[in-house]
Amino acid sequence: MAQRDYVNKKRAPKKAAPSKRPFPVAALVAAVVLVSAGIYGLYFITTNSDVKASQQKVAKEQTKAPKPKPKKPDFIEEIENANIEVEVTEQEQKGPYYMQCASLRNRDDAEALKAQIAFKTGLIADVDRTEGKNGVWYRVKIEPFATKRLAESANNQIKRARISRCRIYLMPK
């Protein structure tokens, strides 16, 4: 293989610089014409407006007699003067409610959730041990609530604290 001499090799001549574009005279002339037409248009509008005529028209409208207020339709007066009787029946309270927040296999996890509920929401929870077909479970419950509305309010507190989702149940009698 022949050796090449890169040190003494002549370099290729540089390319010629790109020629400059000519000044856009047509665009400059068009811009000047548009700007001057806009200025003339604004001047024409301000000098030829009929300010006095419009002021006289407004003054005539203000001196006219005020418009009478529209009369209310008859049915509106009948509704306003009507006596409506409504029978209110009180709903029967179904009974106390409780919330179950979790059912866990490990008692330590249940106690930790109970403490978390107490610290973040101020609600007092209990841990109940139950035995079922699947073995021993530890339920984290909050009880009792006199109405379902109170139970839902406490459930919303727990949701806002991002602890867990609790379910509301009617207490067995």
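The questions below concern a predicted model and pass from the overall fold to individual side chains.

Me: How many helices and strands are there in the protein chain, and what pattern do they follow along the sequence?
Reply: The model is predicted. The protein chain has five helices and four strands. Read along the sequence, these elements follow the pattern α-α-α-β-α-β-β-α-β.

Me: Is the protein chain a compact globule or more spread out, and what is its radius of gyration?
Reply: The C-alpha trace spans about 110 × 95 × 25 Å along its principal axes. For 173 residues the globule rule gives 16 Å, and the value for this chain is well over that, so the chain is more spread out than a compact globule. Its radius of gyration is 44 Å.

Me: What percentage of the residues in the protein chain is buried?
Reply: The accessible surface of the chain comes to about 16,200 Å², and 55% of that surface belongs to carbon and sulfur atoms. Residues count as buried when their relative accessible area is under 20%. Of the 173 residues, the buried share is 15%.

Me: Which elements each supply at least two residues of the largest nonpolar core?
Reply: The largest nonpolar core has 20 residues. Those with the most contacts inside this core are Met-99, Cys-101, Ile-117, Val-140, Ile-142, Phe-145 and Ile-158. The elements that each supply at least two of its residues are β1 (97-104), α4 (107-121), β3 (135-145) and α5 (148-160).

Me: Leaving aside neighbours within four places in sequence, which residues are in contact with Ile-117?
Reply: Ile-117 is listed among the core residues with the most contacts inside the core. Once neighbours within four places in sequence are left aside, its contacts are Cys-101, Gly-122, Leu-123, Val-140, Ile-142 and Ile-163.

Me: Which residues form a nonpolar patch on the surface, and what is their accessible area together?
Reply: In soluble globular proteins, nonpolar side chains tend to be buried together. Here, however, Phe-23, Val-25, Leu-28, Val-29, Val-32 and Val-33 form a nonpolar patch on the surface. One of these residues, Val-29, lies in helix α1 (residues 25-47) and counts as partly exposed, at 48% relative accessibility. Together the patch residues have an accessible area of about 580 Å².

Me: Which residue meets Glu-111 in a salt bridge?
Reply: Glu-111 is partly exposed, with a relative accessible area of 29%. The side chains meet at 3.5 Å, N to O, and the partner is Arg-107.

Me: Is Lys-141 buried or exposed, and what is its relative accessibility?
Reply: The side chain of Lys-141 meets that of Asp-128 in a salt bridge (3.6 Å, N to O). This pair links distant parts of the chain, with Lys-141 in strand β3 and Asp-128 in strand β2 (residues 126-132), 13 residues apart. Asp-128 is partly exposed, with a relative accessible area of 27%. Since the limit for buried is under 20%, Lys-141 counts as buried, with a relative accessibility of 13%.

Me: What is the N to O distance in the salt bridge of Glu-131 and Arg-129?
Reply: The count of salt bridges comes to three. In this one, Glu-131 counts as exposed, at 62% relative accessibility. Its side chain and that of Arg-129 meet with an N to O distance of 3.1 Å.

Key:
Residues are numbered from 1 along each chain as its sequence is written. This is a predicted model: local features need pLDDT of at least 70, side-chain atom pairs count only at pLDDT 80 or more; totals for chains, interfaces and linings use all residues. Side-chain values use heavy atoms; hydrogens and water are left out. Patches are made of residues with over 30% relative accessible area and no salt bridge: like charges are joined within 9 Å, nonpolar side chains (Val, Leu, Ile, Met, Phe, Trp, Tyr) within 5 Å. Accessible areas come from the Shrake-Rupley method with a 1.4 Å probe; for residues, only the protein chains shown count as cover. A salt bridge is a side-chain nitrogen of Lys or Arg within 4 Å of a carboxyl oxygen of Asp or Glu. Buried means under 20% relative accessible area, exposed over 50%, partly exposed in between (1.4 Å probe, protein chains only). A nonpolar core is a set of buried Ala, Val, Leu, Ile, Met, Phe, Trp, Tyr and Cys residues joined through side-chain atoms within 4.5 Å. Contact means heavy atoms within 4.5 Å. The radius of gyration is taken over C-alpha atoms; the globule rule is 2.2 Å times the number of residues to the power 0.38.
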